[in-house]
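Colleague: I have a few questions about how the labels on this model were assigned. Please set each value against its cut-off.

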Amino acid sequence: MRTVRHRSTVVLLGLISVTFFGPAAAGIPPGRYAIGDSVMLGAKYELTGRGFKVNAVVSRQFRDAVPIVQQLKAAGRLRKKVVIHLGNNGILIEATDCDRISEVAGSNRTVYLVNLKIPRSYRRAQNARLAACAQRRANTLLIDWFQYSRSHSSWFAADGYHLTSEGQRKYAAFVATKT
């Protein structure tokens, strides 16, 4: 009799937690997951040291983040905070991709979009698209890396956007404080 009552209590508590918190909120891993390109890849160890799970590869496009977010969420591995730093590699960010990332992440997560500090003609358009996405989506915020870093040339390699070792530390610290 005692075992039956114990099992009933466990089942009841499980139902109560799903009812109040929902399955999505109950299963969201804590922490920060960062998706980026070579700029983020340069700061991978500094970000990892600050508790981020980092998924960054050279030449990644913004649109490539959509299936990554979808797959992580489906597998139950998409963390509470999702940092996206993409758009440096020339293909314009599509509003639908940005919106899709925010939708897939859901209202129980926060998506952080890091804007660009790249000396290219498309920087202004990319940053405007990132800002517009953050304004459209309640669960999405903009991290203004451009404004913070633009007067610190020692943080960047000769190309003006890849990070020096000092820049890697400053980037990781800045992103960590904003998330």
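Colleague: Which residue in β5 is the bridge partner of Tyr 112?

Modeller: Leu 141 is the residue of β5 that bridges to Tyr 112. The strand labels, like the helix labels, come from DSSP runs numbered from the N terminus (E, at least two residues, for strands; H or I, at least four, for helices).

Colleague: What kind of model is this, and how are residues numbered?

Modeller: This is a predicted model, in which local features need pLDDT of at least 70 and side-chain atom pairs pLDDT 80 or more, while totals for chains, interfaces and linings use all residues. Numbering starts from 1 along each chain as its sequence is written, and side-chain values use heavy atoms, without hydrogens or water.

Colleague: Why are β4 and β5 said to pair?

Modeller: Pairing requires at least two DSSP bridges between two strands. Strand β4 (residues 110-114) has four bridges to β5, so the two count as paired. They run parallel.

Colleague: What makes β2 and β5 edge strands?

Modeller: The open sheet has five strands in the order β2-β1-β3-β4-β5, with parallel pairing. β2 (52-56) and β5 (140-143) each pair on one side only, which puts them at the edges. On average, neighbouring strands are turned by 20° against each other, direction ignored; such angles (0 to 180 degrees) lie between N-to-C directions of lines fitted to C-alpha atoms, for helices over the stretch in contact. Helix α4 (residues 65-74) packs on this sheet, where it touches β1 (32-36), β2 and β3 (81-85), and its direction makes about 155° with that of β1. Helix α6 lies across β4 and β5, at about 145° to β5.

Colleague: How do you know that Cys 98 and Cys 133 form a disulfide?

Modeller: The sulfur atoms of Cys 98 and Cys 133 are 2.0 Å apart, and the cut-off is within 2.5 Å, so the pair qualifies. The structure holds one disulfide. Its two ends come from distant parts of the chain, 35 residues apart: Cys 98 in helix α5 and Cys 133 in helix α6 (residues 123-136). The angle about the S-S bond is -100°, and the link is left-handed.

Colleague: Why is Asp 99 called buried?

Modeller: Its relative accessibility is 15%, and buried means under 20% (exposed is over 50%, partly exposed in between, with a 1.4 Å probe and protein chains only); Asp 99 therefore counts as buried. Cys 98 and Cys 133 are both buried too.

Colleague: What does Asp 99 touch?

Modeller: Asp 99 sits in helix α5 (residues 95-105). Setting aside residues up to four places away in sequence, Asp 99 touches Cys 133, Arg 136 and Arg 137, where contact means heavy atoms within 4.5 Å. The side chains of Asp 99 and Arg 136 are joined by a polar contact of 3.0 Å.

Colleague: Why is Ser 59 called partly exposed?

Modeller: Its relative accessible area is 45%, so Ser 59 is partly exposed. Ser 59 is in the loop between β2 and α4, and has a positive phi of about 65° although it is not a glycine.

Colleague: How many residues are in the protein, and what share is buried?

Modeller: The protein has 179 residues, and 43% of them are buried. Its secondary structure comes to eight helices and five strands. Among the contacts with a separation of 6 or more, 71% join residues 24 or more positions apart.

Conventions. Polar contact = N/O pair within 3.5 Å; in protein donor to acceptor, adjacent residues only side chain to side chain.
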